[in-house]
Amino acid sequence: MSKFRSLLRNNRQTLSKTASYYVIHITVAAMVAYAVTGNLIASLTLSLLEPTVQAFAFFFHEKAWQRWNARKQAASAEAGLSHAA
């Protein structure tokens, strides 16, 4: 359980952004699905399914961007050190 808590603690901002994105996405998806189907149950079902999958995708997308930025910063720092030598 400690690894899970550590994961939550280390990814608090990304998880918060994912949660807010999820709420916005569900709201928009429900409105669009209702406008298309005119059926409340169908629109709620569609609006929960697709954004749930998207929320997981967004989390991993955000983590990939964080890794990319970290590598870019490390490469810049390394380049700066090699020029100083």
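A search of the whole structure turns up three aromatic pairs; here rings of Phe, Tyr and Trp (its six-membered ring) pair if their centres lie within 6.5 Å, and planes under 30 degrees apart count as stacked, over 60 as edge-to-face and the rest as tilted. The structure is a predicted model, in which local features need pLDDT of at least 70, side-chain atom pairs count only at pLDDT 80 or more, and totals for chains, interfaces and linings use all residues. Residues are numbered from 1 along each chain as its sequence is written, and side-chain values use heavy atoms, with hydrogens and water left out.

Back to the rings. In one of the pairs, Tyr21 and Phe58 have ring centres 4.8 Å apart and planes at 20°, so this pair is stacked. Tyr21 sits in helix α2 (residues 12-37) and Phe58 in helix α3 (residues 40-84), so the pair ties together parts that are 37 residues apart in sequence. Helices (H or I, at least four residues) and strands (E, at least two) are DSSP runs, numbered from the N terminus. Tyr21 is partly exposed, at a relative accessible area of 30%; buried means under 20% relative accessible area, exposed over 50%, and partly exposed in between (1.4 Å probe, protein chains only). Another pair joins Phe59 and Phe60: their ring centres are 5.2 Å apart and their planes stand at 85°, so the pair is edge-to-face. Phe59 counts as buried, with 14% relative accessibility, whereas Phe60 is exposed at 55%.

Zooming out, the protein chain has three helices and zero strands, and reads α-α-α along the sequence. Its radius of gyration is 20 Å, well over the 12 Å that the globule rule gives for 85 residues, so the chain is more spread out than a compact globule. That radius is taken over C-alpha atoms, and the globule rule is 2.2 Å times the number of residues to the power 0.38. Along the principal axes, the C-alpha atoms fill a box of roughly 70 × 35 × 15 Å. Buried residues make up 19% of the 85 residues. Taking contacts (heavy atoms within 4.5 Å) between residues at least 6 apart in sequence, 65% join residues at least 24 apart.

The buried residues in α2 are Thr14, Thr18, His25, Ile26, Ala29, Ala30 and Ala33. Thr14, for instance, has a relative accessible area of 3%. Leaving out residues up to four places away in sequence, Thr14 touches Phe59, Glu62, Lys63 and Gln66. Just after α2, Gly38 takes a positive phi of about 70°.

Over in helix α3 lies Ala75, which is partly exposed with a relative accessible area of 45%. Ala75 and Ser16 are 59 residues apart in sequence and 29 Å apart in space, C-alpha to C-alpha.

As for confidence, the chain averages a pLDDT of 87, and 94% of the residues score at least 70; pLDDT is the predictor's confidence in each residue, from 0 to 100. Confidence is lowest in helix α1 (residues 2-10), with a mean of 85, and highest in α2, at 90.
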